[in-house]
Amino acid sequence: MSGPNTNYDPVEVSALDPENIAAAVEQAHAAIAAAATLDDLKSVRIAHQGEKSPLALANREIGALPPSAKAEAGKRVGQARGMVGAALAARQAELEAERDERILVEERVDVTLPVVRRPFGARHPIELVSQRLVDAFVGMGWEVAEGPELESEWLNFDALNLGPDHPARQMQDTFFLDPVDSGLVLRTHTSPVQIRTMLRQEPPIYIVAPGKVYRTDDLDATHTPVFHQIECLAVDKGLTMAHLRGAIDAFVKIMFGEGTRTRVRASYFPFTEPSMETDFVCFACHGTGSDDAGAQCRSCGGSGWIELGGSGMVNRKVLRACGIDPDVYSGFAFGLGIERALMLRHGVRGMHEMVEGDVRFSRQFGMEV
Ligand code: DAH
């Protein structure tokens, strides 16, 4: 870099020569005027205003001038750079305005053109309510468990204390798989997920298992050969029927709202002992059995209660079959059908509406995701 030099004659520094400065300005002006696009202007700016432009180089030479010459040369270069800067800014504004105008024309949207409407789908209410129940149980620390819909007969029946000759085995109208000795069925309930879990996991166990189940029923207003259940199983030390009732109450509150009362009736399932059937108070008549006009409540048929599903304390035999010591651990379980509860809750007229998959039906339940 050149340093001050008192013997330096400014006339000899040709870059600072007034003519050369004027020529540099002129060249810059010509290039600026010739720039047809913003990109062109960018290159022009680098060439005529950048670090290596003639005026920038000239500016650098000022430092080498004797103090007496510095002011004049500085003024000359400063004015020249100011002119180039102003010309660049003016051209920039011009080109931007041109560009904006062009964009407005090119990207014009005709809002009157017809559009292809693609309506959103909707999640099926069965899926929505299952998810809400599962989420609530997960929120209480339970885990989600799954099992296959094509299930071994042993897990679907035998391990649940439903031996080959057990009369209750006939209660569930089963789809068997060909050949019959394949030992496979379409699961008739979600209860085999209980066995799968207990075989795999040591207590404490708290699981919720939603899923599809199959029975050989024809589709009519109240039946469908494929439907959904939600199964809950808890195995821990010291669990009692009080815990079972608490869990069922939590479940019913999520499904039907705060303040929904439940009651249990003695029942029979081979895999629970004792076994119970759970009812919840009718959400329409709140247990009175009649509607506002005094007529018989149509939701519960006048009984004031609606059946929800089976439950009980896990049979000691089932615990033992899964390698869990029934003298140390106890468990409770319940399995509830989703379709019927949903139909009652929303006044769905028939099972057909639930299974046909018409998006207009699902959309009525909201677009929750
Ligand atoms: N699996 C039974 C059914 O589909 C319902 C059931 C009853 C499930 C009692 C349970 C239970 O977990 O403890 O009919």
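In which helix is the place of R196? R196 sits in helix α7, which covers residues 192-200.

## About the model

This is a predicted model, in which local features need pLDDT of at least 70, side-chain atom pairs count only at pLDDT 80 or more, and totals for chains, interfaces and linings use all residues. Residues are numbered from 1 along each chain as its sequence is written, and side-chain values use heavy atoms, with hydrogens and water left out.

## Overall form

The chain has twelve helices and nine strands; these are DSSP runs numbered from the N terminus, with helices being H or I of at least four residues and strands E of at least two. Its radius of gyration is 42 Å, whereas a compact globule of 369 residues would have one near 21 Å. That radius is taken over C-alpha atoms, and the globule rule is 2.2 Å times the number of residues to the power 0.38. Along the principal axes, the C-alpha trace spans about 120 × 55 × 50 Å.

Of the 369 residues, 39% are buried (buried is under 20% relative accessible area, exposed is over 50%, and partly exposed is in between, with a 1.4 Å probe and protein chains only). Contacts are heavy atoms within 4.5 Å; among those between residues at least 6 apart in sequence, 69% join residues at least 24 apart.

Not counting residues up to four places away in sequence, R196 touches G147, P148, E151 and L155. R196 and C322 are 126 residues apart in sequence, yet their C-alpha atoms are 8.7 Å apart in space.

E101 belongs to helix α4, residues 67-106, and is exposed at 57% relative accessible area. E101 and H228 are 127 residues apart in sequence and 61 Å apart in space, C-alpha to C-alpha. S311, in strand β8 (residues 305-314), is buried with a relative accessible area of 2%. Leaving aside neighbours within four places in sequence, the contacts of S311 include L244, I248, F269, P274 and F334.

## Aromatic rings

A pair of aromatic rings is described by the distance of the centres and the angle of the planes. Here, rings of Phe, Tyr and Trp (its six-membered ring) pair if their centres lie within 6.5 Å; planes under 30 degrees apart count as stacked, over 60 as edge-to-face and the rest as tilted. The structure holds eight aromatic pairs. In one of them, F137 and W142 are edge-to-face, at 5.0 Å centre to centre with 90° between the planes. F361 and F365 also form a pair: their centres are 5.2 Å apart and their planes lie at 65°, so this pair is edge-to-face.

Both F137 and W142 are buried, and both F361 and F365 are buried too. Ring pairs also link F137, W142, Y206, F251, F332 and F334 into a cluster.

## Backbone details worth a look

Most residues other than glycine have a negative phi, and most peptide bonds are trans. A cis peptide bond joins D178 and P179, with omega about -10°; P179 is in the loop between α6 (153-156) and β3 (184-186). Another cis bond joins E273 and P274, with omega about -5°, and P274 lies in strand β7, residues 272-281.

N161 is not a glycine but has a positive phi of about 70°. N161 lies in the loop between α6 and β3 and is partly exposed at 22% relative accessibility. H286, also not a glycine, has a positive phi of about 55°; H286 lies in the loop between β7 and β8 and is exposed at 58%.
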